[in-house]
Amino acid sequence: MKNVVLIGATGFVGSAILNELLNRGHKVTAVVRNTAKLPKNDNLTAVQEDVANIDAIAKIAEGKDAIISAYNPGWANPEIGRLTTENYPKIVEAAKKSGVGRLLIVGGAGTLYVKPGLRVVDSGAIPAEIMDGVRTLGNFYLNVLTKENDIDWVFFSPAGAFDEKGARTGKFRLGKDDLIVDEATGTSHISVEDYAVAMVDELEKPAHHKERFTIGY
């Protein structure tokens with residue numbers, strides 16, 4: 001059993017990770033904007049806190065095994081670019097200050113390669129309305145996280161799209177820097193449930209250290 005902090009536990013991806021953690025018997029301290037949205041569970045502690053508060057997040061994470069960050073300001077939030085740029089480095093600083101062993105980050109697919117030298121973000125596949133969030137999260141990974149050597153981090157990029165009607169199959173492929181494409185459909189996709197499975201697998205049995213990895217069918 002792990003004792004972890006989960007940031008963004010009520011979001012689309014965060015809630016799936018929370019369910020997977022609790023179903024496997026892990027203890028979770030969920031850091032959210034609204035604790036009323038969280039389920040009741042003996043292994044769940046709810047904390048309302050701002051991720052920008054480095055000292056507070058560090059204090060919450062002291063003595064824990066890991067931090068999992070599913071932080072996302074919201075795709076419809078006009079400030080998503082600014083908030084991602086400002087707050088993700090603060091989450092890293094809080095993690096380091098806390099002394100926690102690992103930081104696992106829900107990444108984006110934007111910096112994955114669709115072919116040599118061409119990343120998803122520059123391929124024309126990203127809708128303009130979400131480009132600000134995609135590019136700033138990618139910039140954080142490329143320009144900040146890859147230079148971070150003081151904590152054992154991973155940046156877990158999903159496939160190109162999450163299935164609208166997904167399922168927990170436990171059957172998927174993992175990769176590193178290249179977008180994983182379904183050989184049968186030609187699309188890059190994953191269910192949020194299977195993404196959560198792989199994230200918690202990485203928590204339980206670390207296989208990646210100070211690097212990005214990705215998933216797809």
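The legends below describe several close-up views of a predicted model.

Residues are numbered from 1 along each chain as its sequence is written, and the side-chain values use heavy atoms, with hydrogens and water left out. Because the model is predicted, local features need pLDDT of at least 70 and side-chain atom pairs count only at pLDDT 80 or more, whereas totals for chains, interfaces and linings use all residues.

**View 1. Helix α4 and what covers it.** Helix α4 runs over residues 131-143 and has 13 residues; helices here are DSSP runs (H or I, at least four residues), strands are DSSP runs too (E, at least two), and both are numbered from the N terminus. From its first C-alpha to its last, α4 reaches 17 Å, close to the 18 Å expected at 1.5 Å a residue, where the expected span is 1.5 Å times one less than the number of residues. Its buried residues are G133, V134, T136, L137, G138, F140 and Y141 (buried means under 20% relative accessible area, exposed over 50%, and partly exposed in between, with a 1.4 Å probe and protein chains only). The cover over these buried residues includes helix α3 (80-98) and the strands β5 (102-106), β8 (152-157) and β12 (211-216).

**View 2. Helix α3 against helix α4.** Two packed helices are described by the angle between their axes and the distance between the axes. For α3 and α4 the angle is about 25° and the axes lie 8 Å apart (axes are lines fitted to C-alpha atoms, for helices over the stretch in contact, and angles run from 0 to 180 degrees between N-to-C directions). That angle makes α3 roughly parallel to α4, since angles under 35 degrees count as roughly parallel, over 145 as roughly antiparallel, 65 to 115 as roughly perpendicular and the rest as oblique. On the α3 side, I80, G81, T84, T85, Y88, P89 and V92 meet D132, G133, T136, L137 and F140 of α4, where contact means heavy atoms within 4.5 Å. The residues of this contact of α3 with α4 divide into 6 nonpolar, 5 polar and 1 charged (Ala, Val, Leu, Ile, Met, Phe, Trp, Tyr, Cys and Pro count as nonpolar, Asp, Glu, Lys and Arg as charged, and the others, Gly among them, as polar).

**View 3. Helix α2 against helix α3.** Helix α2 (residues 54-61) packs on α3 at an angle of about 45°, with the two axes 8 Å apart, and α2 and α3 are therefore oblique to each other. The residues that meet are I54, D55, I57, A58 and A61 in α2 and K90, E93, A94, K97 and S98 in α3. Sorted by type, the residues of the contact of α2 with α3 are 5 nonpolar, 1 polar and 4 charged.

View 4. The 12 residues of helix α1 (residues 12-23) should span 16 Å at 1.5 Å a residue, and the end C-alpha atoms are 17 Å apart, which agrees. Buried in α1 are V13, G14, A16, I17, L18, E20, L21 and L22, and α1 is followed by G25, whose phi is positive, near 85°. α1 and α5 pack at an angle of about 55°, their axes 8 Å apart, and that makes α1 oblique to α5. The contact is made by F12, V13, A16, I17, E20 and L21 of α1 together with V192, Y195, A196, V197, M199, V200 and L203 of α5. In this contact of α1 with α5, the residues divide into 12 nonpolar, no polar and 1 charged.

**View 5. The loop between α5 and β12.** H208 has its place in the loop between α5 (192-204) and β12, and at 14% relative accessibility H208 counts as buried. Leaving aside neighbours within four places in sequence, H208 is in contact with R102, D152, V154, E202 and F213. K210 is also found in the loop between α5 and β12, but K210 is partly exposed, with a relative accessible area of 39%. Most residues other than glycine have a negative phi. K210, although not a glycine, has a positive phi of about 50°.

**View 6. L145 in the loop between α4 and β8.** L145 is found in the loop between α4 and β8 and, at 1% relative accessibility, counts as buried. Not counting residues up to four places away in sequence, L145 touches V92, I105, F140, W153 and F155. L145 and R212 are 67 residues apart in sequence, and their C-alpha atoms are 9.7 Å apart in space.
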